[in-house]
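Welcome, and thanks for taking a look at this one.

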Amino acid sequence: MTVGLTFGLVLAVYVAALIVIGIAGYRKTKTSEDFLIAGRSIGPWVGGAVLAATQISAGTFVGTVGRHYLAGVSFAWVWPGVWFGWLISALFVAPKLREFGAVTVPDFLAARYSSRLARGLSAVLIIVAYMILLVAQYQACGEIFQAIFGLAPGWAMLMLASSTLVYTMLGGMRSSSYIDFLQVLVMLGGLMVAVPLLLYRAGGLAHAGQALTFLDPRLTGWFYDWKQMLGLALSFGLTMAAAPYEMVRFYSMRDRATVRTAIGVCFVFQAIIGSCVMMIGILMRVLFPRLASIDQASSVMALNVLSPLAGSLFVVAMISAIMSSSNAILLVVSGGISHDIYGKLLRPAASDRSRLLLNRISIFALGAVPIWFALQRFTDVQQLVVIETRFVPSFFLVPIVFGLNSKFGTPSGAIAGMAGGSVGCLAWSAWGGRIAPAFDAVEIGIAISAILYFLVSAAGRRQEASWSASVS
Amino acid sequence: MVRIGLLNVFAMVAALAAPRVAHYRAEIRSEDGRSYQVRIAVQTAGEEWRKPSHTLDGELLKRITLDRAIPPGSTYDLQYTVPGTGNRARIPLAVPEIATQGTPGSVRIETTLPLGYQIAGDMFPVFARNGSGSYAAELANIPSEVEFEIAASGQADLRQRWITPAILSDSAVILFLVAASLGRLFLRKKAGLWR
């Protein structure tokens with residue numbers, strides 16, 4: 001059986017399973033709260049899988065594999081950065097956010113800082129940032145299908161968008177959580193089958209090590225210097241600590257304890273996936289020492305190294321990763337429109353039914369529009385995600401982490417922090433690299449956000465104090 | 001986690017100006033199965049390749065460096081002999097230290113086996129049979145080695161046919177899917193665990 005036919009069959013079975021779960025979720029979704037946060041019914045196992053699936057995206061299977069291919073074993077040191085981010089989240093963000101009982105992240109900001117402007121600004125920033133990430137997911141899907149099957153990217157994007165939209169629109173968070181669980185299983189299956197076969201082809205671990213050292217001694221030693229690695233790990237960690245599409249997942253879990261356990265379960269899934277991704281990257285370097293593009297490592301493996309069935313499962317795993325991230329993005333963005341902008345700012349008296357309807361309509365619209373942007377290929381997938389990765393923590397990290405853990409911040413401090421952080425990050429991305437390339441835009445964005453947050457909050461507090469003193 | 005990318009972009013921009021392999025053709029031939037003669041023809045594209053060097057995997061792990069630069073669009077040959085080990089052939093290919101252009105079919109590997117022999121069971125990459133004793137594989141990138149098992153025509157044993165890495169990995173896929181489905185049913189019965 002050819003790879004194309006086997007892949008078609010495997011994909012058909014997989015999509016059928018997604019639609020069945022979507023329909024099951026639809027039957028249980030009665031209110032907009034059911035839709036956005038699954039009625040707060042998700043437990044630790046599914047919750048942990050959901051967190052892992054949301055974070056593992058097209059980039060893990062394409063970008064991270066490619067990065068290990070280029071840089072070797074030492075690139076694995078970014079994972080402690082990711083786990084550090086999860087640790088911050090588990091200690092200072094997730095359980096408190098869950099206990100707060102909000103439906104979206106702007107909900108929390110609006111309530112914590114008693115500010116409608118904070119809600120509106122954060123909702124708009126989330127929509128902008130995540131639409132960029134969605135374009136990246138579609139573009140990655142187009143490239144995978146084109147590389148493996150020669151299919152026009154537009155068709156591949158349409159297939160991805162339609163299947164993701166169907167299950168997201170039908171069952172919202174409930175179906176997406178159970179589908180994420182299935183997707184993590186598929187990812188684990190695809191990766192765990194690929195690694196032993198690659199090891200066998202590469203002549204075993206000892207020979208692979210010798211071959212890697214022979215190709216480039218940095219592949220088994222240090223490729224980047226420690227400052228670069230620390231910067232990379234920090235960027236990953238800070239992004240994970242306050243990512244709205246992960247935070248929304250916390251809201252859907254039962255309670256604080258469930259959130260903490262789920263983060264632990266997520267660690268385990270990520271450790272397995274991270275190790276397999278590293279092995280695939282370095283073993284592909286042994287088997288194909290000079291690929292035309294490092295981003296092709298996964299596709300070449302699926303097509304040329306694995307058997308048709310294992311290769312198909314791996315491609316489906318890559319598509320699963322794209323789908324789970326797209327689905328999480330769609331839920332966050334549609335929540336921003338229907339719940340925060342429409343339901344809380346424009347029409348606070350809107351019925352729950354109309355919000356649920358708007359949720360589904362906005363998911364359809366938001367899922368379709370990025371196809372056009374993805375087809376324009378303004379830049380490559382990696383660059384699109386880098387923009388989003390820098391942007392989100394630049395405006396969110398400080399107001400959320402300090403808002404949850406301290407009473408110091410004021411509404412104007414939070415708004416100044418969000419606005420300053422996002423503008424600072426964008427400005428540094430455009431021009432800052434030329435001035436001081438050692439600093440990343442995310443570090444500058446967070447630093448500006450923190451300075452403005454504390455300065456404006458302190459000024460506001462002094463003003464309040466002097467005003468109350470003069471009145472007394 | 002696509003997350004890193006700027007370094008990729010710089011690498012890709014730098015790579016555009018670099019010399020590339022336009023066509024790579026490897027011919028592997030054996031008269032008796034005890035040794036394999038490898039003849040490689042490489043055509044380059046892009047800028048002049050100033051320090052032409054190749055890596056050779058396998059037991060050797062060595063570099064083959066040419067003593068002259070390769071002008072763009074020209075073709076050069078490499079030839080070497082690799083000993084065979086029984087029915088199993090593991091033949092390292094000289095891989096230029098520049099990448100291909102990534103177009104499908106730009107890499108072609110042809111294998112001609114001793115008369116009366118065929119590839120049985122395991123092989124890498126996947127070869128298609130051309131005629132008696134001749135096989136070909138077309139790829140977009142150059143593998144570091146070619147690997148296959150040979151047997152006299154019609155005499156491949158059960159192990160060679162059925163216990164191959166490809167079949168084992170397919171079995172592992174099926175086993176995993178069945179175990180995951182059963183596990184899901186089990187956990188669903190114990191609703192607390194499933195949730």
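## A covered helix

Helix 4 of chain A is mostly covered, with 14 of its 14 residues buried. Here, buried means that 20 or more other C-beta atoms lie within 10 Å of a residue's own, exposed means 12 or fewer, and partly exposed is in between, with C-beta atoms placed from the backbone. Helices are DSSP runs of H or I with at least four residues, strands are runs of E with at least two, and both are numbered from the N terminus.

This helix covers residues 58-71 of chain A and reaches 19 Å from its first C-alpha to its last, close to the 20 Å expected at 1.5 Å a residue; the expected span is 1.5 Å times one less than the number of residues. Gly72(A) follows helix 4 of chain A and has a positive phi, near 85 degrees.

## About the model

This is a predicted model, in which local features need pLDDT of at least 70 and side-chain atom pairs count only at pLDDT 80 or more, while totals for chains, interfaces and linings use all residues. Residues are numbered from 1 along each chain as its sequence is written, and chains are lettered from A and ligands numbered from 1 in the order in which they are written.

## Chain A as a whole

The secondary structure of chain A comes to 18 helices and 0 strands. Its radius of gyration is 22 Å, close to the 23 Å that the globule rule gives for 472 residues, so chain A is as compact as a globular protein of that length. The radius is taken over C-alpha atoms, and the rule is 2.2 Å times the number of residues to the power 0.38.

Along the principal axes, the C-alpha atoms of chain A fill a box of roughly 80 × 50 × 45 Å. Of its 472 residues, 62% count as buried. Among contacts in chain A between residues at least 6 apart in sequence, 85% join residues at least 24 apart; a contact means C-beta atoms, placed from the backbone, within 7 Å.

## Where chain B meets chain A

Turning to the partner, 39 residues of chain B are in contact with 49 residues of chain A. On chain B's side, helix 1 (6-17), strand 7 (94-96) and helix 3 (165-189) each supply at least two residues. The largest share, 9 residues, comes from helix 3 of chain B.

Note on methods. Two residues are in contact if their C-beta atoms, placed from the backbone, lie within 7 Å.
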